[in-house]
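Visitor: I've got this model open on my screen and would like a quick tour. Could you walk me through it?

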Amino acid sequence: MSQANIPPITPSITLTRDEAVNLLIASVAMEELGLSHVLNAEGEKIQYVLGTLTDQPLSEPSSLEEVLAINDSVKDLIDTAGINQMMLDSKLKDIMRIPTIRGVTGAVGATGATGSFEGATGPAGPTGATGPVGLAGLAGIVGASGTEGITGAGGTIGAAGVTGPTGLAGPAGANGAGMNGQLLYNPLDASNYPLYQVVQYGGNLYSVVNVPPVGTPGLSPDYLLLAAVGDTGEAGITGSVGETGMTGTIAGITGVAGNTGVKGATAPGMTGQVPFDINDIGTYVAGQVVTYEGATYVVRQTPPTGLPGQSANYALLAAEGAIGPTGARGLTGGIGATGPLGPTGATGLTGAIGTRGALGPDTTKTFFFGQRLDGLATLPILGTAKVPFNVNQRIGTGITLTSNSERINFSVAGDYFVDYRVELANTIVTNLVVTSTLLLNGSAVSGGSASSLLSTHLEAQTIMQISAGQYLELQMYALLGLIPFQAPGITISIIYLGT
């Protein structure tokens, strides 16, 4: 079989063995630099899809499918980068084993003439400072042994080499996009937090859903969890230690820095929800969602120990809500069948006729019904907004509505039955959490709040005492600018029950 023909290279390139070794080491360093740029680009790709790049904001939030697709793409590249790192490590080890050729030993110099007399021995000089130990040089090829020459005078110890300059610091990463109005939780300021104030506590984000809030976020129902801190990923694999070279006659060149370990695997996400069973506790893994005594928890450690709500191995996702107010009294049942006629008793004395009571109010005339639909349009909400009930109004006596249809005024004091319902579009569940709150004279009504967590239907019913001159409003909260609805939209019904 014929040999391959190598074309002539013009101009000719001549390299020494040492120069060739240096170029091979530089090629490994350039591959590492290129890989670092690729990994940085993957990180910016994740920032972009999550909407945390301030200079390139998203026109609309990414869907869950898009985020998962980006995650799979980045994971595949990191796996490929890990394989490339092992190949570069093997390549660098092979390069470091290449021997370099030591120069030819020079000829032995002529012996100097012997002096006529021996001079006096001078005083011993001070001992010089010990120089730094040089790095082990590459082992050269052993040359032929020359003729033993006369031992020359000991040379002076050379000065320590100058330390190389420190590399430039990399540019600071872009600041993540925060939420408007975000504060660090301070128990001394908690009583001043307004409704839906966003606070940070223990690495998690919470929203105030009842004012003034009591207790601490994560333990008190007055705070709604918005975002929980993820578990720390596993530490990357430590790079292998390079082989120790033989000690050379002169200090060798500084070796390249060791490879950075491969990034640890991403912590697992939350999995499907199951009822907590003490017999299955050994099968639970980190991220498993369980329900226990009306509350929802996520497993933080594999396998967990103890019971949810008592063990630190479980993180609370949603606490069981308080028991709602007692519903309105049901209608009186029909009159039962007449029993057999009993014996006629003795006729009693006729009592005095009592005074006639005052005529009671006609409760059937004091009522209110309102609706917000606008042909399945959207309600502009960014933070908090009051709901205008501008269609299908039915208003009885003693109740009026302001010109903007947001405030319901009462002129008759007494007990009222209040019921409101909100039907959100199906797409809202995967985008964000929407909450609704009934306000009496600007303050939240107990039992009058609802949240869209995993649901598109919000509803609250309550019986409350309202004084003459007071007013009701329905307030919505969301982080999205426009909230879509489906029929029948937002409705509210109010019925006067009496004093």
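Visitor: How many aromatic pairs does the structure hold?

Guide: This is a predicted model, so local features need pLDDT of at least 70, side-chain atom pairs count only at pLDDT 80 or more, and totals for chains, interfaces and linings use all residues. Side-chain values use heavy atoms, with hydrogens and water left out, and residues are numbered from 1 along each chain as its sequence is written. Rings of Phe, Tyr and Trp (its six-membered ring) pair if their centres lie within 6.5 Å; planes under 30 degrees apart are stacked, over 60 edge-to-face, and the rest tilted. On that basis, the number of aromatic pairs is 9.

Visitor: What kind of pair do Tyr185 and Tyr223 form?

Guide: Their centres are 6.0 Å apart, with 90° between the planes. Tyr185 sits in the loop between strands E1 (183-184) and E2 (198-201), while Tyr223 is in strand E4 (residues 223-227), so the pair ties together parts 38 residues apart in sequence. Strands (E, at least two residues) and helices (H or I, at least four) are DSSP runs, numbered from the N terminus. The Tyr185 and Tyr223 pair is edge-to-face.

Visitor: Which residues do ring pairs link into a cluster?

Guide: Tyr185 and Tyr223, the edge-to-face pair, both belong to the cluster. Its members are Tyr185, Tyr193, Tyr201 and Tyr223.

Visitor: Which strand is largely enclosed by the rest of the structure?

Guide: Look at residues 471-478, where 8 of the 8 residues are buried. Tyr471, Glu473, Gln475 and Tyr477 are buried on one side, and Leu472, Leu474, Met476 and Ala478 on the other, which leaves both faces covered. The largely enclosed strand is E19.

Visitor: Over how many bridges do E16 and E19 pair?

Guide: Two strands pair if DSSP finds at least two bridges between them. E16 covers residues 435-440 and runs antiparallel to E19. The number of bridges between E16 and E19 is 6.

Visitor: What is the bridge partner of Gly383 in E19?

Guide: Strand E11 (residues 383-386) pairs with E19 in the antiparallel sense over 4 bridges. Strand E14 (residues 408-410) is also antiparallel to E19, over 2 bridges, and there Ile408 stands opposite Leu472. For Gly383, the partner is Ala478.

Visitor: Which residues make the nonpolar surface patch of about 450 Å²?

Guide: Like charges are joined within 9 Å, and nonpolar side chains (Val, Leu, Ile, Met, Phe, Trp, Tyr) within 5 Å. One member, Ile9, lies in the segment before helix H1 (17-50) and counts as exposed at 60% relative accessibility. The patch is made by Ile9, Ile13, Leu15 and Leu23.

Visitor: And for the whole chain, what share of the 499 residues counts as buried?

Guide: The chain has 2 helices and 20 strands. Of its 499 residues, the share that counts as buried is 24%.

Key
Buried < 20%, exposed > 50% of the residue type's maximum accessible area, 1.4 Å probe, protein only. Patch = residues over 30% accessible without salt bridge, like charges linked within 9 Å, V, L, I, M, F, W, Y side chains within 5 Å. Areas by Shrake-Rupley, 256 points an atom, 1.4 Å probe, with all protein chains shown as cover. Salt bridge = Lys/Arg side-chain N within 4 Å of Asp/Glu carboxyl O.
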